[in-house]
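Hi there,

Here is the structure I promised to pass on. Have a look at it first, and then read on for what turned up.

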Amino acid sequence: MILPIFEGIIFSFVFLLVCVVDIQNGPVGGVHFYEQDVKDRVVELGLITREKIKKNLMLSGTVLWLFLIFLFPLAVFLINGAASFLEGFIQLTIIFLIGGVFDRVFIDWYWVGHTKAWLIPGTEDLMPYIPKSACIRKWAGTIILYPILAAILSWVYSEILF
């Protein structure tokens, strides 16, 4: 079971790397991760266009989904040796939950919520950037949707590979 834990840590660093790349020229580059009111304000301020937000979201989303849908399931079944739906489901759930908890705790709570790295001038009145309702929604997605995704992917990959 050590490999899924290691892969969960890798997934955490994938989240981190995507965020670092997105905000390399300032937090506006990562505004696609913010709530809609912040996105609207940043567009109103002329800091970015809606088209650029969509493009950035597509690029970030493609990287994250590539890992979620292809790379981690393939690693679980082809490298880790999962030979059944249940083995794949358990391993993918571990990987996804480690990455999800890292995203919720380190990225959302600490980095976005307690540092100035994600502060966009002109939007201070919209803080916290991750309001309680969004936080609850994100935690529910992590705890409920990641295991569901792990189940679907485990079923698909176990059917394809075995």
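Helices here are DSSP runs of H or I with at least four residues, strands are runs of E with at least two, and both are numbered from the N terminus. Counted that way, the protein chain has five helices and zero strands, so its elements read α-α-α-α-α from the N terminus on. Please keep in mind that this is a predicted model.

**Overall picture**

The C-alpha trace spans about 55 × 25 × 25 Å along its principal axes. The chain has 162 residues, and 41% of them count as buried. If you take the contacts with a separation of 6 or more, 73% are between residues 24 or more positions apart.

Helix α1 covers residues 2-22. Among the buried residues of α1 are Pro4, Glu7, Gly8, Phe11, Phe15 and Asp22. The buried residues of this helix pack against α3, α4 and α5.

In soluble globular proteins, nonpolar side chains tend to be buried together. In this model the largest nonpolar core holds 35 residues, and those touching the most other members are Phe11, Val31, Val38, Leu92, Phe96 and Ile120. Two or more core residues come from each of α1 (2-22), α2 (36-44), α3 (50-79), α4 (85-114) and α5 (132-161).

Val38 deserves a look of its own. Where does valine 38 lie? Valine 38 is in helix α2. Why does valine 38 count as buried? Its relative accessibility is 1%, and buried means under 20%. Setting aside neighbours within four places in sequence, valine 38 is in contact with Val31, Ile120, Thr123, Leu126 and Tyr129. By contrast, glutamate 87 is 49 residues from valine 38 in sequence, and their C-alpha atoms are 41 Å apart in space.

Rolling a probe the size of a water molecule over the atoms shows where empty space is left. Here is what that gave for the pockets.

- The largest pocket has about 840 Å³ of space. Its lining is made of 30 residues, with Phe33, Leu64, Asp103, Arg104 and Lys138 nearest the centre. Helices α1, α2, α3, α4 and α5 each give two or more residues to that lining, and α5 gives the most, with seven. By class, the lining has 17 nonpolar, six polar and seven charged residues.
- The second largest pocket has about 190 Å³ of space. It is lined by 13 residues, and Asp108, Trp109, Gly113, Pro128 and Ile130 lie nearest its centre. Both α4 and α5 supply at least two lining residues, with the largest share, six residues, coming from α4. Its lining has eight nonpolar, two polar and three charged residues.

One last item concerns Pro128, which is among the residues nearest the centre of the second largest pocket. Proline 128 sits in the loop between α4 and α5.

Notes. Residues numbered from 1 in each chain as written. Predicted model: local features only at pLDDT ≥ 70, side-chain atom pairs only at ≥ 80, totals over all residues. Heavy atoms only, no water. Core = buried A, V, L, I, M, F, W, Y, C linked by side-chain atoms within 4.5 Å. Buried < 20%, exposed > 50% of the residue type's maximum accessible area, 1.4 Å probe, protein only. Contact = heavy atoms within 4.5 Å. 1 Å grid on protein atoms, 1.4 Å probe; cavity = no way out; pocket = protein on both sides within 12 Å on 5 of 7 lines; lining within 4 Å. Points joined across faces, edges and corners; volume = space filled by probe spheres on them. Nonpolar A, V, L, I, M, F, W, Y, C, P; charged D, E, K, R; others polar.
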